[in-house]
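Here is a short report for a first look at this structure. It moves from strands to helices and then to the ligand.

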Amino acid sequence: MSLFVPPKPAPLPEKPGLLKRARLIARSSLAVLQSGSYAAPGVGRMAVPSVRGRRRWVYQVRDPACARDILVNRAGDFPKGELMGWMLRPLTGDSIFTTNGEVWRRQRRLVDPALEQARVRESFARMREAAETALQGLERSAGPGGAVRVDDAMTVFAADVIFRTIFSEPIAEAEAREAIAAFEAFQDLAYAHGMIGLSGLPGWLMPGTWARMRAGKRLRRVLKRPLDRRLARVAAGEPDLPTDILASLMASRDPETGTGFSPDELLDQVSMLFLAGHETSASGLAWALYLLAEAPDVQARARAEVKAVVGGGSIAFEHMKRLGLVRDVFREALRLYPPVTTVVRECARPEPMGRHQARPGDPLFVAPWILHRLSSVWPNADAFDPDRFDTPEGREAVRQAYLPFSLGPRVCPGAAFALQEATLMLALILGRFELTRDEAWPPPEPVAKLTLRSANGVTVRLTPVSP
Ligand code: HEM
């Protein structure tokens, strides 16, 4: 069986000048990652323009052992940088995503119970409602064999899932549009500001700083409405309140200090869950659908699995663990197209990085994008091969260099949630449609901002299949 090998983005031009480099990085952080090799582990570095006179280096970590040291073994020595906090603060406040030290540890202790396995199981029915709504939308936009922008459809779906599982209410269409538009404006500016910020330019001098703050506020307003409704119901002592992620966040008490989240902190955490939980899942799903459309053999086998497991009835939580191939399709999409292409940390003190000496404050780009494609670790690294997870070589490669959800103490607490929502959505789509390439659509152009997207969207033809 021949495997589908998606085209890799073009490598960086040989020795681009500083301005050209700045333009490439402002468009996509893949420019930093693509400057290194996909063949062998290593740590590279790239100069970025600096306004502070002294040359600034960004380190590109594509060595599995070094990545593990930074994220797992010595995580405390490589905190998140203030630049990321500044970039995201207008949307997520001082939430778990950007804090460090004791503040982060307390937040993590309070957030973990909201996303633990049992709660993910409880969320299944709400995820299925959102998936059914998304399917109806796909049916309407596809018609027979029509081309559909599946990246847009998956963004609305993932936003709806987050809304329903946090608040136990669907997101109204107008609110979804408002939230997604605000988020997109925010993400473009936040990314550009983060990259420009590497140069040391103060935020108040960057064009678009106010627009980023306004976009963050707009999105927070959408999320504050259902939060206020719930706080009012709790204050009124209403019985039978929903048991959902918000209820868990409100009830959470830090076992060490006995404190819970204040209403302002709740808004920060809810906004952070919206940011961390919808763009990433939407990105992974869109790439998975693209890969399935290009790999008819894998698609047919995955559809047969769905039919064998679910039969003609409604999909249930109990089916999830038997949808192994569908799940591996998603895991393989996360390998080739990790939604978080770069996990960014900084040095707290001088550190040897490969052949170089990094200085305190130097940014480290730990790169799932490259680690997942290292030809010295992954057999047939560039091919779409979901069966690899079932082979001894594949399992070894996963152990060494598979980190779509990061690793260590700051590993994504939403991983089980994301795998469940994606397996469910893919299974429902496979049961309802055959996916084929849209010949009018040029191959996708991966562009990494806060998450990995395709510059020209992801379009797939959907043809209804008989049940
Ligand atoms: C395919 C989907 C997802 C992917 C690929 C993903 C990936 C990641 C990665 C790589 C990180 C580490 C970022 C860093 O350290 O800089 C992270 C952190 C995080 N993710 Fe996810 N994520 C996904 C879905 C979700 C979902 C659905 C939720 C919540 C419902 C979530 C909540 C979080 C939170 C709260 C953090 C911060 C953890 C901390 O710093 O302690 N993620 N995610």
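Two strands pair if DSSP finds at least two bridges between them. Strands (E, at least two residues) and helices (H or I, at least four) are DSSP runs, numbered from the N terminus. The model is predicted: local features need pLDDT of at least 70, side-chain atom pairs count only at pLDDT 80 or more, and totals for chains, interfaces and linings use all residues. Residues are numbered from 1 along each chain as its sequence is written.

**Strand pairs**

Start with β2, residues 56–61. In β2, Q60 is the bridge partner of G44. V61 has its bridge partner, V366, in β7. Elsewhere, V148 stands opposite V460 in β11. The table lists the pairings.

| Strands | Sense | Bridges |
|---|---|---|
| β1 (residues 43–48) and β2 | antiparallel | six bridges |
| β2 and β7 (residues 363–366) | parallel | three bridges |
| β3 and β11 (residues 459–464) | antiparallel | four bridges |

β2 is mostly covered, with five of its six residues buried. Buried means that 20 or more other C-beta atoms, placed from the backbone, lie within 10 Å of the residue's own.

**The open sheet and its helices**

Three strands form an open sheet in the order β3-β11-β8, with antiparallel pairing. Its edge strands are β3 (146–149) and β8 (433–437), each pairing on one side only. On average, neighbouring strands of this sheet are turned by 40° against each other, direction ignored.

Helix α8 (residues 150–167) lies across β3 and β11 and runs at about 50° to β3. α12 also packs on the sheet: it touches β8 and β11, and its direction makes about 80° with that of β8. Contact here means C-beta atoms, placed from the backbone, within 7 Å. Angles run from 0 to 180 degrees between N-to-C directions, with axes fitted to C-alpha atoms, for helices over the stretch in contact.

**Around the ligand**

Which residues are closest to the ligand? They are G277, T280, C412, G414 and A418, among 24 that surround it. A residue counts as near if its C-beta atom, placed from the backbone, lies within 6 Å. α5 (101–111), α12 (263–294) and α17 (415–432) each give two or more residues to this shell. α12 gives the most, with six residues.

By class, the shell has 16 nonpolar, six polar and two charged residues. Ala, Val, Leu, Ile, Met, Phe, Trp, Tyr, Cys and Pro count as nonpolar, Asp, Glu, Lys and Arg as charged, and the others, Gly among them, as polar.

α17 is mostly covered: 13 of its 18 residues are buried.

Terms used. Two residues are in contact if their C-beta atoms, placed from the backbone, lie within 7 Å. A residue is buried if 20 or more other C-beta atoms lie within 10 Å of its own, exposed if 12 or fewer, and partly exposed in between; C-beta atoms are placed from the backbone.
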